Amino acid sequence: MNKIELKDEKLKSHIDSLVKDEMCIFVMAEGRLRGALFHGTRFVNQIRLQHNLGILESMILGQAGLAAALMIPMMKGEEHITLKYETESPAKGFSVEADSQGFVRGFLYNERIPVEKPLDSWDLSPFLGNGILSVSTLHKEDKEPFISSVNVNGSNIAEDLALYYKQSEQISTAFNLSVQMDKEGKIVGAGGMFLQVMPETGGKRGSGSSKTSSSDKTSDDELLSRAELAFKTCPSLGQWFSEKGNFEDLIYGLFREFKPSIAVRRNVVYDCPCSKDRYISYLRNLPKAELDDIKKNGPDPLEIYCRNCGSVYNIPVSEI
């Protein structure tokens, strides 16, 4: 990927003062609940830079990128997922990919969304609207990806993704996605969190028994109710990180009654495997007639655009 560097010195100084971009995966309630908190201010700014996005476009693709990043801890083994939202509304939708190594890339189907009047809220339904949210999963040994989808209304990406997990995966999962902008429209903070209920065979009832007593069910319902209430009191993550908040204060403060423990910290970055050499290799494999036409009629250099990450490569014909 041709990484575009941030040139806004004031914004760069602010970002440098924040905690590093990182994902903290945590468990609590004796293993009955797990979650992850991701600080992605640099991550979302890189998305914006790579695709040269406006405010609305940055908000949508930024949240979509955070969502894909939060799906990484739920992967099993070497896995690659593609999260797509497809709609006939002005934004058309998005496609974001993530893999188990911690890389995310993606794009909007329409990177110049028409806006007819000033925005008075971040309700995305006028721009995404009713559509289909799909997740394509591919493991290393798979020949074809497994795809599942749900119908959603596109007003809130976090709620749409929670609905997907509830309907397609039969797992209760809550998401919080946040991109904070200042009065000038600069991205000064971004973060995401998920909280998920683990299967009943895990945690406290980890003996392998699948039987659940009425008292166990009542206990679970109470646990989930309290956890849901705690999750809903979570502050704006974008604002939290923009004001120099850290992981520990949020996780241990928000969920203290469930005795959380941070299990893993890992890096997640916006990146793409594209490169000038890779595109030269593709071009050299074109039919001879096409190559001869390019060498004779140009253009020279060729401008190759990677839709997945926004990188642009100028390749002289002499290098093909």
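Strand β2 is largely enclosed by the rest of the structure, because six of its seven residues are buried. Buried here means under 20% relative accessible area, exposed means over 50%, and partly exposed is in between, with a 1.4 Å probe and protein chains only. Strands (E, at least two residues) and helices (H or I, at least four) are DSSP runs numbered from the N terminus.

Before going on, a word on the model: it is predicted, so local features need pLDDT of at least 70 and side-chain atom pairs count only at pLDDT 80 or more, while totals for chains, interfaces and linings use all residues. Residues are numbered from 1 along each chain as its sequence is written, and side-chain values use heavy atoms, with hydrogens and water left out.

**The sheet around β2**

Let us look at the neighbours of β2. The strand belongs to an open sheet of five strands in the order β8-β9-β2-β1-β10, with antiparallel pairing. At the edges are β8 (173-181) and β10 (261-266), each of which pairs on one side only. On average, neighbouring strands of this sheet are turned by 15 degrees against each other, direction ignored. Two strands count as paired if DSSP finds at least two bridges between them.

On one side, β2 (residues 33-39) pairs with β1 (residues 22-28) in the antiparallel sense over seven bridges. In this pairing Cys-24 has Leu-37 of β2 as its bridge partner, and Ile-25 has Ala-36. The hairpin of β1 and β2 has four residues between the strands, and Ala-29 takes a positive phi near 55 degrees there. β2 also pairs with β9 in the antiparallel sense, over seven bridges; Phe-38 has Gly-192 in β9 as its bridge partner.

Helix α7 (residues 247-254) lies across β1, β2, β9 (187-197) and β10, and runs at about 150 degrees to β10. For such angles, axes are lines fitted to C-alpha atoms (for helices, over the stretch in contact), and the angles run from 0 to 180 degrees between N-to-C directions.

**Two nonpolar cores**

A nonpolar core is a set of buried Ala, Val, Leu, Ile, Met, Phe, Trp, Tyr and Cys residues joined through side-chain atoms within 4.5 Å. The largest one has 69 residues, and Phe-43, Ile-60, Leu-83, Phe-94, Val-104, Leu-161 and Phe-175 have the most contacts inside it. Helix α3 (residues 55-70) gives the most to this core, with 10 residues. Apart from it lies another core of 22 residues, among them Cys-24, Ala-230, Leu-250 and Ile-262.

What does Phe-94 touch, not counting residues up to four places away in sequence? Its partners include Ile-60, Leu-61, Leu-83, Phe-107 and Ile-157, where contact means heavy atoms within 4.5 Å.

Arg-48 lies in helix α2 (residues 41-51). This arginine is buried yet has no salt bridge, and the nearest side chain of opposite charge, Glu-57, is 7.1 Å away. For charge, Lys and Arg count as positive and Asp and Glu as negative, while His and the chain ends are not counted. Beyond its neighbours within four places in sequence, Arg-48 is in contact with residues including Ile-55, Ser-58, Gly-185 and Ile-187.

Ile-55 is in helix α3 and counts as partly exposed because its relative accessibility is 39%. Leaving out residues up to four places away in sequence, Ile-55 touches Arg-48, Trp-122, Met-181 and Gly-185. Ile-55 and Gly-185 are 130 residues apart in sequence but 6.2 Å apart in space, C-alpha to C-alpha.

**Salt bridges**

The structure holds 11 salt bridges, each a side-chain nitrogen of Lys or Arg within 4 Å of a carboxyl oxygen of Asp or Glu. Three of them are listed here.

| Glu-78 | Lys-140 | 3.8 Å |

Glu-78 and Lys-140 are both exposed. By contrast, Glu-97 counts as buried because its relative accessibility is 13%, and Arg-105 counts as buried at 19%. Arg-226 is partly exposed, with a relative accessible area of 36%. Finally, Asp-8, Glu-184 and Lys-186 are linked in a network of salt bridges.
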